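I opened my notebook to record, step by step, what I looked up in this structure. The entries follow the order in which I went through it.

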Amino acid sequence: MKKIQKTLLTTALATAMTMSATAQASLSDDKVKIGVLADMGGVYADVCGPGCVEAVKMAVEDFGGKVLGKPIEVVSADDQNKPDIGSVKVREWVEKDQVDVVTGLVSSAVTGAVTKVLTANEKIALISTSASHAFTTKACSPFNAHWTYDVVSLANGTVKPMVQSGKKKWFFITADYAFGHALEKVATGVIKENGGEVVGGVRAPLGTSDFSSYVLQAQSSGADVVALANAGADMVNSLKTAAEFGLTEMADVAGLLVFTPSALALDPDVSAGMKLTTGFYWNMDDQTREWTKRFQKRNGGKIPAMGQAGAYSATMHYLKAVKEAGTDESKAVMAQMKSMPVEDFFSRNGYLRKDGRMVHDMLQVKIKPASERQTVQDLYTIEKVIAGDDAFLPLEKGGCGFALSQK
Amino acid sequence: MAEFLGINLFGLFGQLLVGLINGSFYALLALGLAIIFGLLKIINFSQGALYMLGAFAAWMALEYLQLNYWYALFLVPIVVGIFGILLERFLIRPIANEDHLYSLLLTFGIALILQGLFTDWYGSSGLPYAIPEELKGGTRLPFMYLPNYRAWIIVCSLAVCALTWFMIEKTKLGAYLRAGTENPQLMQAFGINVPLIVTLTYGFGVGLAGLAGVLAAPVYSVSPEMGSSILIVVFAIVVIGGMGSIGGAILTGLAMGIVEGLTKYFYPEASNTVIFLVMVLVLLTKPAGLFGKEA
């Protein structure tokens with residue numbers, strides 16, 4: 001009898017709690033508003049930009065356009081790769097326009113400034129395209145979710161296997177600003193840990209068009225591998241020059257950050273055989289191809305860069321979490337996001353770690369020669385799938401205060 | 001390896017040669033600017049965008065018309081030149097008698113529009129363009145590997161520069177041109193069609209930018225930003241050489257390429273500022289530029 005009573009009581013309590021939860025299922029302003037901040041017309045426009053906006057809109061449509069019965073709205077803005085412009089815009093979004101979450105986020109400098117504003121306002125940042133690993137380590141925040149990749153996963157994916165296979169001597173051609181320095185530092189760490197050495201390097205100003213003098217220096221260094229710690233046009237220009245001066249015949253050239261649009265901008269004769277690491281490749285399996293086909297229709301036929309696929313995945317995960325949590329209150333949503341696995345066309349074996357790092361399988365790929373490409377966009381051969389925990393920096397090593405204290 | 005005062009001489013020679021290659025490229029671009037300014041007094045800020053247009057036109061010729069590099073090398077400068085002529089005829093001429101600032105702003109606006117359009121059409125990442133088969137490979141010199149294409153850049157730019165200089169400074173046509181811009185009324189009175197000369201000169205100066213674009217397409221990233229990053233350097237070169245001095249632009253272009261090459265060797269971080277440092281020094285000591293005439 002007592003037992004029945006107890007059961008009854010529990011059921012009643014549980015029901016009451018569920019009821020109150022339903023009653024509380026509320027959105028701050030009767031809608032969920034997603035802001036997409038990216039470089040819309042500058043050097044990084046192709047790696048996120050308008051494509052990220054389309055990807056986010058696509059996620060919203062696929063989700064049904066509504067969450068908890070209320071509409072989902074997408075707004076976007078151009079940060080012009082300038083931290084001041086980005087943070088002013090985001091401040092306006094969260095303080096005046098009731099934006100609940102911001103995604104896109106490309107240049108690490110902009111993301112650094114913007115995440116500070118978001119954290120101060122207790123709003124979530126879904127970082128889709130930035131490279132720096134600071135956002136989940138020394139500059140981490142309970143409101144950051146870093147989705148697609150970071151410098152550590154690139155170094156682990158590309159550098160580690162090469163050093164282990166006996167390519168011990170490295171030379172760096174580094175973009176002379178925060179991103180390049182960070183990439184070089186992390187890669188150097190990986191090289192040394194695995195018994196390799198750095199025999200030299202140059203810091204080339206961002207936007208250098210002629211890399212021939214750096215390539216000559218790399219050639220005379222006697223390195224086994226020349227690492228390109230740069231991105232976009234810098235990467236394209238340096239690789240073109242390396243091939244032209246015959247560097248690719250005497251040493252391996254490793255592109256540490258190669259976005260799909262940059263790989264497409266390279267003549268296959270120049271780029272074939274180069275190994276790189278990516279968070280996503282459109283032609284991996286049926287699921288990625290199906291999504292890409294739908295995305296291409298909205299993106300002028302262009303295949304997705306990894307950040308664009310990441311923006312979709314992050315948005316979808318966020319919306320699912322809002323639905324599950326029954327609110328758009330950031331802390332509750334973030335807790336929900338961290339409790340659910342991230343499994344979709346983009347993310348395999350993914351989960352959002354305590355420090356905000358979305359850990360998922362990374363791909364080690366090789367650029368195909370023209371003869372093996374079925375279409376122009378058939379860029380990579382997948383060589384290896386790297387498990388997320390091997391690719392990203394372990395939580396314990398990151399030094400993210402709030403996440404470590406939660407243990 | 002040969003060493004001198006702790007400097008690897010082979011490395012140094014390599015850098016000097018690479019500097020010379022870049023210098024010949026700068027010379028070609030600076031030449032176009034110097035002609036347009038020296039003869040027409042137009043500060044043409046769209047030169048960089050037209051250089052970009054040249055590279056894209058080469059890509060389009062190959063992609064859409066299956067015209068290879070060699071056709072592009074001849075056709076693209078003409079097409080870009082005609083585009084320039086249209087710009088001059090319909091946009092620049094109406095404000096020709098206003099202050100220089102107007103043409104500067106107008107051409108700057110044109111440059112931004114062109115860059116924006118190409119970013120919109122082709123994206124910001126750039127397009128692939130292969131080195132023509134005939135010029136692939138290279139020669140092993142004692143101190144470096146010289147790609148054939150780079151050697152071709154030197155030969156082609158220097159030949160065009162020399163020809164242009166000769167044409168303007170030493171031929172009758174060049175004399176008409178210089179006289180026509182010096183004193184248009186008098187030349188008109190002699191029965192010479194000065195507006196036509198002006199239009200053709202502008203077209204020629206712009207065509208040089210188109211040619212530089214074709215030369216650049218196989219070795220640099222063909223992207224909408226390519227013009228704006230190089231334009232400022234080229235302007236600095238024209239200022240150092242003396243605004244409007246044709247020989248000055250060519251020589252300064254070569255010299256600055258070498259200065260930049262050496263900086264890349266000794267202190268790479270400063271390589272994109274060294275030319276401006278030289279510019280400041282020259283302006284302080286010789287305000288009209290190294291080869292300019294005192295106004």
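Which domains does the domain assignment of chain A give? I noted first that I am working with a predicted model, and then that the assignment gives domain 1 as 32-149 + 284-357 and domain 2 as 152-278 + 363-389. I looked up how these two domains of chain A sit relative to one another, and their C-alpha centres lie 27 Å apart. The contact between them takes 16 residues from domain 1 of chain A and 17 residues from domain 2 of chain A. When I sorted the side of domain 1 of chain A that touches domain 2 of chain A by class, I wrote down ten nonpolar, five polar and one charged residues.

**Chain A as a whole**

Along its principal axes, the C-alpha trace of chain A spans about 85 × 45 × 40 Å. I also noted that 57% of the 407 residues of chain A count as buried. Taking the contacts in chain A between residues at least 6 apart in sequence, I found that 72% of them join residues at least 24 apart.

**Strands in chain A**

In what order do the six strands of the open sheet in chain A stand? I wrote the order down as 2-3-1-4-5-6, and the pairing in this sheet is mixed. Strand 2 (66-67) and strand 6 (144-146) of chain A stand at the edges with a single partner strand each, so one side of each is left without a neighbour in the sheet. Elsewhere in my list, strand 4 (residues 101-104) and strand 5 (residues 124-127) of chain A pair in the parallel sense over two bridges, and A:V102 has A:A125 in strand 5 of chain A as its bridge partner.

I turned next to strand 7 (residues 169-175) and strand 8 (residues 197-204) of chain A, which pair in the parallel sense over seven bridges. Between these two strands, the chain passes through helix 6 (residues 178-193) of chain A, and this β-α-β crossover is right-handed.

**Where chain A touches chain B**

How many residues of chain A are in contact with chain B? I noted 35 residues of chain A, in contact with 37 residues of chain B. On the side of chain A that touches chain B, at least two residues each are supplied by strand 8, helix 7 (212-220), helix 8 (232-244) and helix 10 (260-264) of chain A. The largest share, seven residues, comes from helix 8 of chain A. By class, this side of chain A has 14 nonpolar, 13 polar and eight charged residues.

**Chain B**

My last entry is on chain B, which has eleven helices and four strands. Its radius of gyration is 19 Å, close to the 19 Å that the globule rule gives for 295 residues, so chain B is as compact as a globular protein of that length. The C-alpha atoms of chain B fill a box of roughly 65 × 50 × 35 Å along the principal axes. Buried residues make up 53% of the 295 residues in chain B. Among contacts in chain B between residues at least 6 apart in sequence, I recorded that 75% join residues at least 24 apart.

Key
Residues numbered from 1 in each chain as written. Chains lettered and ligands numbered in written order. Predicted model: local features only at pLDDT ≥ 70, side-chain atom pairs only at ≥ 80, totals over all residues. Pairing = 2+ DSSP bridges. Right-handed = clockwise from strand over helix to strand, strands pointing away. Rg over C-alpha atoms; globule rule 2.2 N^0.38 Å. Buried ≥ 20, exposed ≤ 12 C-beta atoms within 10 Å, placed from the backbone. Contact = placed C-beta atoms within 7 Å. Domains from an automatic or database assignment. Nonpolar A, V, L, I, M, F, W, Y, C, P; charged D, E, K, R; others polar.
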